[in-house]
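Please have the sequence and the model open while reading.

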Amino acid sequence: MTRKRKVWIGLGVVVVLGLMAANALRSDSGGAVDVRAEEVTTRDLVARVSATGHIEPETSVDITTDVAGRIVQLPVEEGQDVSEGDLLLMIDQAQYQAAVNQALAGLSQARATEAQMRASYIQAQRDAERYVALKERAPDLITDTEVEQAVTQADVQEALWRAAEHSVQQAQARLAQAQDQLAKTVIRAPMSGRVTRLNVERGETAIVGTMNNPGSLLLTVADLSTMEAVIEVDETDIPDIQVGDSASVEIDAFPNQRFSGRVTKIGNSSIIPRTNLTSAGSNQAIDFEVRITLDDPPEAVRPDLSATADVITATRENVLAIPIAALTLMDADDIEQVPSENVPPEEALDTSRDVEGVFVVDGDRARFRPVEVGIAGESYFEVLSGLEEGLVVVSGSFQAIRELEDGSRIDVTRSEEADSTSSAEGRLGDEPETLALAEAEARPRGGEAAVGAGAEAPQVDAAEVEAATLVVSVPPGLYAIAASSQQVGSVRNLSEALEDDGYPTLVVPRRDEANELWYRVMVGPYTTRAEVEDILLRLRRERGIQGWVREVAQEGSGTGAGDEP
């Protein structure tokens, strides 16, 4: 780091400490807190659960082999439609045909042996009968021992005959086994569909799987008439989803198109068993598989395409609503309870726990009022009790709401968003702290897309730029969530709020082609894109942030994937 840069950073730290001290003195002297306010009105709310996944056919069959051998016939190609019973491939039959011939010869030999043993038994049985008859007519001509030997010999021959019969049965079983192995060299389509995967070529050797070594996957036949979006839903959202819920699915391969569907199956156990996670010492989130059957999938759809689904878990029409940012928690001991004849004694506040509520604007004061909320839309909570239509509540900023106490003095700025939206739910994140942004693809060339992008950029001196910047070197190949604004205070507030929630953040200044100054909040970095996408979905639900995922190189150097020149 250069000497000049160190000096600027030192000056920036001094400025920040000075601002913090000024804020503290202002709070101690009873200064008013700058807040934004919004009127409680009725809106239409839609609660959604968003998750990512992929496209799969409802029915597909992976074809493997039960016998090993060289593939001698392969009449199908990948993408070909087949009917049930069509020949898919044939394995060399030479050794299996030889085994059948050997089994046939063994069966013939066993039958010949059985016929010989049967004849011997018949002869021994007749000899025994003659000895017994002679003994009865002339007892002195034959001894008892000779009679017993003849009878015993007949019994032995009968046993040998029975054994020969069982040998015939064994030979028949060996023949059936050999014939079954021979039949398995011919593999036919188990169902009508399309060959979506073909992993072998004619002349290759098909391998049989064992207990510790899976066999080779030859090909896959799938029925593409019914397609599903298979998404991974966080465990906290699973109780909200029910079979039959409607959903909207966006497939990456079909931009600017959304496909309707319904939830048809919800996993009863997590995708990765908890025992595996515990044994590995991992803190990975527990996800469940949810399948959404598409109503009208496009003809060009393919299995394994990436998809994002929004499952509509609840809807409310014309209900009281408050901004998500307005809801906060307070210690019950810090709330001034005003006696009222309309509040029964049994509904007094429970001082043993935090109370959920909002700050209501009362002149130049903020009064905390407990609120019971219902479903959460993208930007608003449904109000079940505690508020009436027409009341004005503090709606921002996040930092200001965290600093407020019951009875604090406030300086109110009415939210423009409250005046510009209809009874339907408002746009995401018109508050500067939420930094609701377009996706990276929608950003105008040469500039950063952000709420208030058309506003005049503030004049900021170099010290404030350095004070808002943490210069670090990020290894290439990592991913982060990016969000931008021209308001340095807004970016600072958002960064502090995310840091309090445990998210690592980085604030970096940028200048576009018009030399306008922007401030970017980077959340991360993280090692995998999937991890960042999960965090982005969570931040969208919790804070209304709609940033974009980008690959980072070296943030401190001012370069990185996705930046404009």
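Predicted model: local features only at pLDDT ≥ 70, side-chain atom pairs only at ≥ 80, totals over all residues.

Residues are numbered from 1 along each chain as its sequence is written, and side-chain values use heavy atoms, with hydrogens and water left out.

There are three aromatic pairs in the structure. Rings of Phe, Tyr and Trp (its six-membered ring) pair if their centres lie within 6.5 Å; planes under 30 degrees apart count as stacked, over 60 as edge-to-face and the rest as tilted. Two of the pairs are tabulated.

| Pair | Centre to centre | Angle of planes | Class |
|---|---|---|---|
| Tyr121 and Trp161 | 5.5 Å | 15 degrees | stacked |
| Phe359 and Phe368 | 5.4 Å | 70 degrees | edge-to-face |

Because Tyr121 belongs to helix H2 (residues 94-137) and Trp161 to helix H3 (residues 144-183), their pair ties together parts 40 residues apart in sequence. Helices are DSSP runs of H or I, at least four residues, numbered from the N terminus. Tyr121 and Trp161 are both buried, meaning under 20% relative accessible area with a 1.4 Å probe, protein chains only. Phe359 is buried at 1%, and Phe368 is buried at 7%.

The charged end of Arg43 sits over the ring of Tyr380, 4.0 Å from the ring centre; this requires CZ of Arg or NZ of Lys within 6 Å of the centre and within 35 degrees of the ring normal.

In helix H9 (residues 529-543), the buried residues include Val532, Ile535 and Arg543. Gly544 follows H9 and has a positive phi, near 75 degrees.

Notes: Helix = DSSP H or I, 4+ residues; strand = E, 2+ residues; numbered from the N terminus. Buried < 20%, exposed > 50% of the residue type's maximum accessible area, 1.4 Å probe, protein only.
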